[in-house]
Each structure stands twice: as C-alpha cells, then as structure tokens.
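Visitor: I would like to learn how to read a model like this one, feature by feature. Please take the general idea first and the case second.

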Amino acid sequence: MTLSSMIRSSKYVVVLTGAGMDTDSNIPDFRGKEGWWRNIDPRTVATIDSFHHNYSLFHQFYSMRLRMLDGITPHKGHYVLSELESKGLIKSIVTQNVAGLHKMAGSRKVYELHGNIRSIRCNSCNHTAAVENFLKKEHCKHCGNKALRPGVVLFGEMLPSDTWEAALKEVEKSDLLIVIGTSLEVYPVNQLPMMTKGKTVLINKQARGSEGLFDVIILGKAREVLEALDNSLAE
Ligand code: APR
C-alpha cells in the first residue's frame, strides 16, 4: 500500500513532525549527525535550571538559534503538507519544531507542542517582548527583571496543557498518523504514535530503532518523500 493510497483511503489523517522536517530548510536537528546535542550538552543551555543559573549561556544559545533563522524559509515539503490540508486530505499537524515553518507555509491547524522560538516573554511576569529585546539582552519593560526568554518548552518544563490536550485528541481521532523526522526520544510526544487506533507511517532519514511501532516505514528525506507524495497524489 503506497502512502498516497493510504491517505486517499483515510478519513482523518494527522501528521506529527520533528526536527528532521526542518533540516531540509537548513535548521539543524538535535540528535542527527550535525545535531545540536552532538556538540552541546542540552542540560547546560536548554533547561529551566540553565535559564536561572546561567542566563548568559542560555541567552547565547537561543540568540544564536534565533539569528540563524534569518532568511530561513519553508521547503517544498512544508508546502505539500499545507496544500494537503487545504484539499482536506490531512486534518492537522502536531509538531515539536519551534521555528514556525508549518504556519509560514500556510498550514492552519498546527499544534506547536514545544512552543515557538520567536515568541519572547518574561519568565517572571509573562509579559511579551520582541525578539530584538531578547537579542539585546534587555530587561523586561514591564517588571524590570532580566528574565526574557523564547516561548519554547525547556527540559524540566511542562508542555502547554491546552495545546497538548488538543493535539492528543487529534491523534486519538486519526485513522492515519504520519510521523516525519523525529527520533521519538522525548517524552511525552514520543507517546503519541501509541495513541492512535489508526495506521501509522514513519518517514525518517534513517532507521531509529522505534520502527517496530509503525505499520509502514519510509526511509528518506522529508522533502523528497513529500515531493514524491505530491506527484503521486496529482496523478
Ligand atoms: N528527513 C527525514 N528525517 C530526517 C531528516 C530529513 N531531512 N533530517 C534528520 N532526520 C531525522 C534524524 O535521523 C532523526 O531521527 O529526524 C530525526 C530528528 O530527531 P531529533 O534530532 O531527536 O529531533 P526531534 O525528535 O524533533 O527532537 C525532539 O528534543 O531537544 C528536544 O525540544 C527538542 O523538539 C526537540 C525534541
């Protein structure tokens, strides 16, 4: 059974994406060969402790990631998913990615479980701020604390509960869950593939060992697999 025939014969298709969906837009993943955590220990930069006890290193890491996003755009694969949504062939996207490329490509029902790196807020008073304010290491204009941070879920923090609940409902409703570009190493998102009663497909650049979970495994780059899917659905 091909991916396009599985999509065509399903009523509620949901897509779950990870960092491997964005690497074809030149955003590094975390655990791949050139991934962030190959060279940096996430406990030093991406935990709520690092925010509180080593703000300068925390700030340096997220400023670098924000600056890297200048000029970054969605790739064809993001647009294919957006077009599939507008044709009613997929219902929603649940993503761990924080650069917002699915929404930039026009996808409307997107659940950003790990937040969005460009949405800056004060960790003390929750007041929002601009990326510029964070990059300049400014204090919060509202409460004066030096506590500006990106609106991403740090290790040690809870996921946004309303987003999590809504995404879980989507997966539970799905009769086809397509998982793209994730190592499924991070809880609780790695539980989602077990939450669907439907069929499951994994699209990944290389085998990760969690393949036993899936009905269909497609080894390949997200952009290329989605371009091929687009062509086969057009036939
Ligand atoms: N096409 C398909 N798969 C790819 C591609 C690609 N172009 N590039 C990389 N991959 C695969 C990698 O082989 C890897 O299995 O995508 C997966 C990415 O895994 P991770 O780097 O662990 O990213 P992710 O699963 O999204 O990480 C989850 O961990 O650090 C936290 O908050 C961070 O949201 C992130 C979470």
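The dialogue below goes through helices, their packing, single residues and backbone angles.

Guide: This is a predicted model, in which local features need pLDDT of at least 70 and side-chain atom pairs count only at pLDDT 80 or more, while totals for chains, interfaces and linings use all residues. Residues are numbered from 1 along each chain as its sequence is written, and side-chain values use heavy atoms, with hydrogens and water left out.

Visitor: What should the 13 residues of helix H10 span at 1.5 Å a residue?

Guide: Helices (H or I, at least four residues) and strands (E, at least two) are DSSP runs, numbered from the N terminus. The expected span of a helix is 1.5 Å times one less than its number of residues. For H10, residues 222-234, that gives 18 Å, and the end C-alpha atoms are 18 Å apart, which agrees.

Visitor: Which residues of H10 are buried?

Guide: Buried means under 20% relative accessible area, exposed over 50%, and partly exposed in between, with a 1.4 Å probe and protein chains only. In H10 the buried residues are Ala222, Val225, Leu226, Leu229, Asp230 and Leu233. They cover an arc of only 140 degrees around the axis, so they sit on the same side of H10. The arc is that of the directions from the helix axis to the C-beta atoms.

Visitor: What do the buried residues of H10 pack against?

Guide: Contact means heavy atoms within 4.5 Å. The partners are helices H1 (3-8) and H6 (76-86), together with strands E7 (176-180), E8 (199-204) and E9 (216-219).

Visitor: How are two packed helices described?

Guide: Two packed helices are described by the angle between their axes and the distance between the axes. Axes are lines fitted to C-alpha atoms, for helices over the stretch in contact, and angles run from 0 to 180 degrees between N-to-C directions. Here the axes of H6 and H10 come within 8 Å and cross at roughly 40 degrees.

Visitor: Are H6 and H10 parallel, perpendicular or oblique to each other?

Guide: Angles under 35 degrees count as roughly parallel, over 145 as roughly antiparallel, 65 to 115 as roughly perpendicular and the rest as oblique. H6 and H10 are therefore oblique. Their crossing is left-handed, a term used if the near helix is turned anticlockwise from the far one by less than a right angle, with clockwise being right-handed. On the H6 side, the residues that meet H10 include Val80, Leu81 and Leu84, and on the H10 side those that meet H6 include Leu226, Leu229 and Leu233.

Visitor: Which residues does H9 bury, and which exposed residues are on the face turned away?

Guide: H9, residues 161-173, reaches 18 Å from its first C-alpha to its last, close to the 18 Å expected. Its buried residues are Thr163, Trp164, Ala167, Leu168, Glu170 and Val171. They cover an arc of only 160 degrees, which puts them on the same side of H9. Facing away from that side are the exposed residues Ser161, Asp162 and Lys169. Cover for the buried residues includes strands E1 (13-17), E2 (92-95), E3 (110-112) and E7.

Visitor: Where is serine 183, and is serine 183 buried or exposed?

Guide: Serine 183 is in the loop between E7 and E8. Serine 183 counts as buried because its relative accessibility is 18%. Not counting residues up to four places away in sequence, serine 183 touches Arg31 and Arg208.

Visitor: How is glycine 35 placed?

Guide: Glycine 35 is in the loop between E1 and H2 and is buried, with a relative accessible area of 0%. Leaving aside neighbours within four places in sequence, glycine 35 is in contact with Asp29 and Phe30.

Visitor: Which backbone angles deserve a look?

Guide: One is omega: a cis peptide bond joins tyrosine 187 and proline 188, with omega about 0 degrees. Proline 188 is in the loop between E7 and E8. Another is phi, which is near 70 degrees in asparagine 126, a positive value in a residue other than glycine. Asparagine 126 is exposed at 52% relative accessible area. Lysine 137 also has a positive phi, of about 60 degrees, although it is not a glycine. Lysine 137 lies in the loop between H8 and E6 and is partly exposed, at 31%.
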